[in-house]
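Please look at the sequence and the structure shown here before reading the notes below them.

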Amino acid sequence: MLKEIVLSLPPHLRDTFLLSRVAGLTYEQIAERHGLAVKTIEERITKALAHCAAKLRD
């Protein structure tokens, strides 16, 4: 079920989530890899976690 939820994330959120939670990269590393601000990565993780939590409640 969790795999389906993660796969249902929009691609940019899914990529960020997987790099953080599966690959173990820091927000700084992810930001550098994608040329984004750390704040953007923080926001993406927040949105990804909210999406997953909402889907688990459904």
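Predicted model: local features only at pLDDT ≥ 70, side-chain atom pairs only at ≥ 80, totals over all residues.

Residues are numbered from 1 along each chain as its sequence is written, and side-chain values use heavy atoms, with hydrogens and water left out.

**How H2 and H4 pack**

- Helix H2 covers residues 11-21 and helix H4 covers residues 38-57, helices being DSSP runs (H or I, at least four residues) numbered from the N terminus.
- The axes of H2 and H4 come within 9 Å and cross at roughly 100°, where axes are lines fitted to C-alpha atoms over the stretch in contact and angles run from 0 to 180 degrees between N-to-C directions.
- H2 is therefore roughly perpendicular to H4, a term for angles of 65 to 115 degrees.
- On the H2 side the contact (heavy atoms within 4.5 Å) is made by His12, Leu13, Thr16, Phe17, Ser20 and Arg21, and on the H4 side by Ile41, Arg44, Ile45, Lys47, Ala48 and Leu49.

**The buried face of H2**

- Leu13, Thr16, Phe17, Leu19 and Ser20 are the buried residues of H2, buried meaning under 20% relative accessible area with a 1.4 Å probe, protein chains only.
- Because these buried residues fall within an arc of 165° when seen down the axis of H2, they line one face of the helix; the arc is that of the directions from the helix axis to the C-beta atoms.
- The cover over the buried residues of H2 includes helix H1 (2-7), helix H3 (27-34) and H4.

**Residues to look at**

- Thr16, which is found in helix H2, is buried with a relative accessible area of 0%, and, leaving aside its neighbours within four places in sequence, Thr16 is in contact with Ile30, Ile41, Arg44 and Ile45.
- Ser20 is also found in helix H2 and is buried, with a relative accessible area of 11%.
- The side chain of Ser20 makes a polar contact of 2.8 Å with the side chain of Arg21; such a contact is a pair of N or O atoms within 3.5 Å, one able to donate a hydrogen and the other to accept it, and residues adjacent in sequence count only if both atoms are side-chain atoms.
- Ile41, found in helix H4, is buried with a relative accessible area of 0%, and its C-alpha atom is separated by 8.9 Å from that of Leu13, 28 residues apart along the chain.

Notes: Helix = DSSP H or I, 4+ residues; strand = E, 2+ residues; numbered from the N terminus. Parallel < 35°, antiparallel > 145°, perpendicular 65-115°, else oblique. Buried < 20%, exposed > 50% of the residue type's maximum accessible area, 1.4 Å probe, protein only.
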